[in-house]
Amino acid sequence: MRRIRLLDGRLKLRHLLLVDALTERGSLVAAAAHLRVTQPVLTRSLRELEDIVGVELYERGARGVTPTIYGTAFTEHARAALAQLTLAERHLAELADAGRGTVTVGSHLAGSDALLPAAIARLKKARPLVTVVVRKADPDELHNDLEAGRVDLVVGRLTSSVRSTTQQRVLYREPFRLSVRSGHPATSQHDPQLTDLLDFSWIVPVTGTALRRELESLLVGMGLDLPRDRVECTSFPIVRQLLLETDMIAALPVHLGADDRLAALPTSLAPLSQAVGVTTPADRHTSPSAAALLRELDLVAEGMSTA
């Protein structure tokens with residue numbers, strides 16, 4: 001492979017944006033639509049970039065494009081460069097007006113529904129002119145956004161898979177409990193065991209989620225299977241409404257299930273719990289607004305862990 005020269009003036013910002021979009025979307029058509037350019041323009045830019053780097057960055061196929069080992073490596077560096085430029089823009093704006101700023105935080109599923117609103121409320125009270133943008137998406141999408149600087153931090157349940165470009169920090173551990181509506185038949189039982197509750201309809205997380213695997217493992221360890229009568233769902237508003245309107249049962253984080261219209265069964269789900277925390281870039285400075293939100297998250301989490 002010939003020597004690559006990325007600083008000879010030919011590499012443009014649009015090439016970095018192209019790689020970020022193309023790797024995430026896996027399609028020339030989808031990437032062109034996202035970047036608001038025509039497909040021929042995007043294809044021409046990709047040829048220019050591959051000529052600059054001297055290697056093929058993507059394998060073309062009938063179903064789209066897949067990054068090669070070179071494409072995967074270049075995407076990581078492109079996102080890091082875009083993130084630094086985004087941070088520089090925000091940093092300069094905040095230096096010009098210390099009372100203002102923007103922090104974009106990613107959130108996914110259970111784990112941040114109680115923590116994040118309280119931290120945002122504290123931040124807005126202290127710094128009312130700071131704009132907080134909350135993006136809710138699946139963890140993989142949010143981590144791509146984190147690498148590219150589209151979000152400053154991600155709050156939610158931590159997973160065992162950590163990318164080399166990010167770092168995780170546990171804020172608190174939250175146990176799970178079985179939640180039902182107030183007046184549910186099971187609330188009249190003195191000490192209901194899991195075996196006593198499997199005849200009810202349950203709401204369980206969808207296949208592939210960490211909580212689904214842990215719940216299945218807990219039941220298997222007791223020689224039990226998932227209830228046959230079940231709904232699979234990860235949307236808390238839908239789960240809550242189903243609990244209120246039916247005799248269904250769901251395993252929810254303690255703080256998420258804290259609702260006057262819901263009741264907690266005394267049935268033990270130990271050792272089922274989740275680590276709630278924050279994911280941040282591993283090698284990137286934190287903007288003043290993001291640092292302020294991180295401080296509020298720490299203070300709120302401290303109170304939640306001792307509650």
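The model is a predicted one. In total, the protein chain has ten helices and eleven strands.

**The chain as a whole**

- The C-alpha trace of the protein chain spans about 75 × 50 × 30 Å along its principal axes.
- The protein chain has 307 residues, and 45% of them are buried.
- Of the contacts between residues at least 6 apart in sequence, 74% join residues that are at least 24 apart.
- The accessible surface of the protein chain amounts to about 16,000 Å², and carbon and sulfur atoms account for 54% of that surface.

**Strand S5 and its partners**

- Strand S5 covers residues 153-157, and five of its five residues are buried, so this strand is largely enclosed by the rest of the structure.
- S5 pairs with strand S3 (residues 101-108) in the parallel sense, over four bridges.
- Within that pairing, Gly-156 in S5 is the bridge partner of His-108.
- S5 also pairs with strand S11 (residues 273-281), here in the antiparallel sense and over four bridges.
- In S11, Val-278 is the residue that stands opposite Val-155.

**The hairpin of S1 and S2**

- Strand S1 (residues 58-61) and strand S2 (residues 64-67) pair in the antiparallel sense, with four bridges between them.
- Together S1 and S2 form a hairpin, and two residues lie between the strands.
- Gly-61 has Gly-64 in S2 as its bridge partner.

**Asp-145 in helix H6**

- Asp-145 belongs to helix H6, which comprises residues 139-148.
- Asp-145 counts as buried because its relative accessibility is 2%, and buried means under 20%.
- Leaving aside residues up to four places away in sequence, Asp-145 touches Glu-24, Arg-135, Arg-150 and Val-151.
- Asp-145 and Leu-87 are separated by 58 residues in sequence, and their C-alpha atoms are 13 Å apart in space.

**His-184 in a loop**

- His-184 is located in the loop between strand S6 (166-181) and helix H7 (194-197).
- With a relative accessible area of 1%, His-184 is buried.
- The His-184 side chain reaches two backbone atoms: the nitrogen of Ala-186 at 2.9 Å and the oxygen of Asp-247 at 2.7 Å.
- Asp-247 is also among the residues that His-184 touches, together with Phe-200, Met-248 and Ile-249, when residues up to four places away in sequence are not counted.

**Asp-259 and its polar contacts**

- A polar contact of 2.5 Å links the side chain of Asp-259 with the side chain of Arg-240.
- The side chain of Asp-259 also reaches the backbone nitrogen of Arg-261, at 2.8 Å.

**Backbone features in loops**

- The peptide bond that joins Ala-270 and Pro-271 is cis, with omega at about 5°.
- Pro-271 lies in the loop between S10 and S11.
- Arg-36 has a phi near 60°, which is a positive value in a residue other than glycine.
- The position of Arg-36 is in the loop between helix H2 (28-35) and helix H3 (39-53).
- Arg-36 has a relative accessible area of 77% and is therefore exposed, since exposed means over 50%.

Terms used. Residues numbered from 1 in each chain as written. Predicted model: local features only at pLDDT ≥ 70, side-chain atom pairs only at ≥ 80, totals over all residues. Heavy atoms only, no water. Buried < 20%, exposed > 50% of the residue type's maximum accessible area, 1.4 Å probe, protein only. Contact = heavy atoms within 4.5 Å. Areas by Shrake-Rupley, 256 points an atom, 1.4 Å probe, with all protein chains shown as cover. Pairing = 2+ DSSP bridges. Polar contact = N/O pair within 3.5 Å; in protein donor to acceptor, adjacent residues only side chain to side chain.
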